[in-house]
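Could you show me around this model, one selection at a time? I have the viewer open and would like to know what to pick next.

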Amino acid sequence: MSLAPQVLPWAAALALALPLLAGAACFVVGGRTAAALALGVAVLSSAAGLVLAAGVADGGVQRLALGGWAPPLGIAWRIDGVAALAVALTGFIFAAVLVHAEKSLDLLRGEGLSEAFRPLALVLLGGLNALYMANDVFNLYVTLELVTLAAVGMVALAGDSAAALRYLLVGVIGALAYMLGCGLLYAAFGTLDLDLLAGRVQPGGTAGAALALMIVGVMAKGALFPLHGWLPPAHGSAVAPASALLSGVVAKGGFYVLLRLWLDVFPATGAAPAAAQILGTLGALAVLWGSLQAIRQTRLKVLLAYSTVAQLGYLMVSLPLIATAAGHASGLAGALHLMASHACAKAAMFLAAGSLIATRGHDCLADLKGAAHDHPMTAFTLGLAGMTLMGLPPSGGFIAKWLLLDASLRSGQWWWAAVILGGSLLAGVYVFLAVSWSMSRPPGEPSDSQPPPLPRRLEFAALALALVAMALGLVSAERIP
Amino acid sequence: MSTLAMSPLATTAFDGTLAVLIAWTAWQSVTSSEVFRAVVLFVVFGLLLALAWLRLGAPDVALAEAAVGAGLTGVLLLESLGHLRRNKTVEPPETAGRGRLRRWAVGLPAAVAGGLLAMVALRLEPRTPGIAGLVERHQGETGVGNPVTAVLLDFRSADTLLEVVVVLLAVIATYSLVPHGPGLYGPTVRPPATLRPPRQPVLIWFVRRLAPLALLVGAYLWWVGSSAPGGAFQAAAVFAAVYALLRVSGLEAAPPPNARPLRLLMVAGSVAFVCQGLAMMAAGRAFLDLPEAWAYGLIVSLEAVLAASLAACLIALVAGAPRPPRLSRPQRELP
Amino acid sequence: MFIILGAVLFALGLYGAFARRNVVLKLVAVNIASSGVFLVVVSAAPTLPDGGTDPLPQALVLTGIVISVAVTAFGLALARRLATDEGRATLDDKEDSS
């Protein structure tokens with residue numbers, strides 16, 4: 001079955017337009033109408049992603065000239081399988097988070113917080129969709145700024161202005177480095193389009209410097225080690241649904257751009273092998289440092305935030321694997337699987353943490369005793385999503401790590417395999433810490449201090465995400481080489 | 001302007017002096033121990049920089065730098081400074097040894113980064129011509145005479161669309177900073193308390209006469225933007241500056257942040273831009289693809305909406321986040 | 001000449017953004033650094049055969065200026081909130097080493 005030719009451009013344009021229009025509407029009107037609108041748009045955005053994926057499966061990679069002007073004069077979107085699935089998955093995660101946020105934010109701090117959350121989330125969704133489809137380095141800059149500003153706004157919702165400001169400042173400085181790189185690329189090669197750049201870039205100091213600037217910029221924005229310092233306070237202090245979006249989805253935005261540059265422009269510079277080893281080493285340090293910090297934490301959300309630093313490290317470790325001929329296919333597939341399954345799993349865990357905060361008022365691990373007894377579904381969600389972080393079969397994380405291991409052995413770089421295995425062991429420790437507290441029995445009989453029951457939809461929203469993280473492993477099990 | 005007839009030597013001397021002055025004000029601003037002085041120097045820096053943009057043959061950027069970069073940012077900085085002063089917050093003194101260590105630890109890498117950047121930028125290799133030729137060839141199809149406007153509103157309109165959304169998003173994020181009550185961030189919210197300076201008759205007389213003139217300048221900037229330097233953003237910045245003037249002279253209170261008409265005006269720019277793009281698709285074209293016969297009219301009318309809408313957004317940003325009626329310490333947030 | 005000025009401003013701004021502790025001063029410094037970036041972006045592009053300036057970098061810089069004013073405005077709103085909530089306008093030493 002093939003799609004009508006007009007369907008694909010419409011799906012792409014609506015993936016950007018609908019969230020932006022709905023975000024504007026939610027700034028003007030509030031209440032139930034706005035809540036329904038936001039949820040509906042997130043679902044539609046996810047559906048648009050599926051349509052795009054069908055279109056790509058049908059007719060291959062699609063290029064859409066925006067404004068009718070082809071590059072280099074205009075800007076094009078490039079919709080490949082990765083972009084289409086990213087749009088679909090992001091819409092789904094946003095839908096689950098919005099369902100959770102409508103209830104949990106108001107439980108937490110009365111009405112109004114969810115109304116401020118909605119327009120920010122919708123504009124963020126539009127910005128992310130534009131980011132996935134963009135194929136122009138400067139257009140990517142604008143989408144990155146949009147995403148960063150919305151993300152900082154979300155951090156600020158919880159009232160921790162210092163964490164938000166630090167995030168904002170690092171983001172702005174990263175953006176400056178990135179924009180400098182864009183300017184140098186244009187001055188030297190006369191275009192900003194990624195496809196054209198791939199053909200025009202020549203090895204040399206200019207290309208190397210421009211790409212170094214851009215990579216440092218996206219590393220700052222994406223909290224890739226060693227520029228990760230702002231992430232744990234920001235993600236740890238934000239309200240839980242915001243943390244779910246930030247850690248689950250936004251944190252991958254920086255690496256997504258890095259990967260686009262890596263695959264399109266980097267091969268032509270001739271600097272890829274050296275850069276890959278440096279970035280891979282930084283990634284290994286991120287895995288180690290993030291995991292050890294996560295183990296030391298006493299609060300669930302901060303633990304999860306450090307775990308994100310570690311998991312982003314795996315993505316960087318995939319770069320030296322992708323850079324080799326033998327490991328390219330498995331390495332890339334592993335990185336993409338890791339992004340998708342970690343997005344769902346981490347969002348699920350933050351939502352589960354949000355559910356616990358909504359009833360207990362805090363997320364101190366030591367005081368979560370008995371949580372599993374009171375809210376078994378939420379504790380189950382934490383454990384299920386934790387399996388993906390550890391990389392246990394049959395989760396999506398298992399497939400991802402298997403692919404990465406395969407790539408490192410194929411390319412003869414066994415030391416990266418050691419990093420991946422070691423990181424999984426450490427992940428096992430911190431996931432155990434996160435889950436075991438809730439499993440342990442409370443000291444006294446809790447009959448008199450029964451916490452209020454959780455609204456069902458809070459628990460289901462988190463569980464749905466954890467189940468998808470697991471399903472990602474099952475549907476792609478045949479990819480195991 | 002680049003058209004000014006100057007001998008090469010005079011040009012070089014002028015540019016050199018200008019560059020030194022700009023670098024000096026920047027240095028003073030960055031190292032000033034007093035916050036107010038740093039901000040004033042930054043405004044001077046912006047105005048000098050506008051001159052540099054003229055020398056670089058970029059009058060559109062010069063206008064934007066003067067109106068947005070120096071003017072509006074300066075107003076925003078001064079406005080916040082007033083607020084921060086009232087809260088008795090200053091740059092804390094540092095012990096001499098620690099301050100010196102910090103200066104070196106940050107200064108050296110920054111200097112190295114700047115040096116490397118200059119080296120790379122001065123020795124770009126290769127030098128492929130950009131798209132200026134293409135812009136010239138196709139500019140006729142957009143109907144606008146200013147190539148920069150043609151790039152912004154037609155060739156690369158996708159960037160500009162997202163940029164307009166960024167401005168709206170800044171307002172959304174700023175408004176979300178109010179402690180939250182029921183209804184659109186709460187009917188309990190009132191406009192931020194304006195610092196009411198004593199009414200000064202001379203200032204009021206002056207502002208009353210200046211404001212209409214400035215509004216006219218703003219409207220002119222919008223209109224002329226299609227054929228000469230100018231455009232919606234510069235016009236909006238001038239409108240916002242008029243508002244800031246009215247505010248310091250005590251004539252105008254902050255806009256009520258919950259007023260629905262005002263919020264509608266703020267989102268109008270982004271909504272119109274997106275809807276125009278979708279309408280083109282409905283007419284069988286690509287997203288944001290303007291038909292040649294209509295391009296001029298569509299661009300000019302979109303710029304009119306953008307100018308009004310961006311002005312509303314910028315005014316809201318100057319007025320700042322709304323504050324709750326009682327200025328009490330908000331309860332500490334839950335983890 | 002303006003390329004060098006741009007690089008100098010970038011370095012000065014970077015220095016200020018990390019060395020200053022007052023948030024308003026940090027934001028001023030970031031704005032100076034972005035002015036430097038904008039100067040480099042426009043003046044690094046090749047001049048046109050007729051001596052004019054390429055319109056594309058100018059358009060990019062205009063977009064950059066508007067984005068930076070929006071970000072600065074939100075940063076200042078956050079600074080005010082920080083001052084209201086916690087009575088300080090600085091980020092702690094330990095925290096801003098990122």
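**Where chain C meets chain B**

Start by selecting chains B and C: 62 residues of chain C are in contact with 76 residues of chain B (contact means C-beta atoms, placed from the backbone, within 7 Å). On the chain C side, colour helix 1 (2–19), helix 2 (23–44) and helix 3 (55–86), the elements that each give two or more residues; helices are DSSP runs of H or I, at least four residues, numbered from the N terminus. Helix 3 of chain C supplies the largest share, 23 residues. By type, this side of chain C has 43 nonpolar, 13 polar and 6 charged residues (nonpolar: Ala, Val, Leu, Ile, Met, Phe, Trp, Tyr, Cys and Pro; charged: Asp, Glu, Lys and Arg; polar: the others, Gly among them).

This is a predicted model, in which local features need pLDDT of at least 70, side-chain atom pairs count only at pLDDT 80 or more, and totals for chains, interfaces and linings use all residues. Residues are numbered from 1 along each chain as its sequence is written, while chains are lettered from A and ligands numbered from 1 in the order in which they are written.

**Where chain B meets chain A**

Next, select chains A and B, whose contact takes 64 residues from chain A and 55 residues from chain B. Helix 7 (157–175) of chain B is among the contributing elements, and it gives the most on that side, with 11 residues. The chain B side holds 33 nonpolar, 11 polar and 11 charged residues.

**Confidence along chain B**

Finish at residues 325–335 of chain B, where pLDDT stays under 50.

Conventions:
Two residues are in contact if their C-beta atoms, placed from the backbone, lie within 7 Å. pLDDT is the predictor's confidence in each residue, from 0 to 100.
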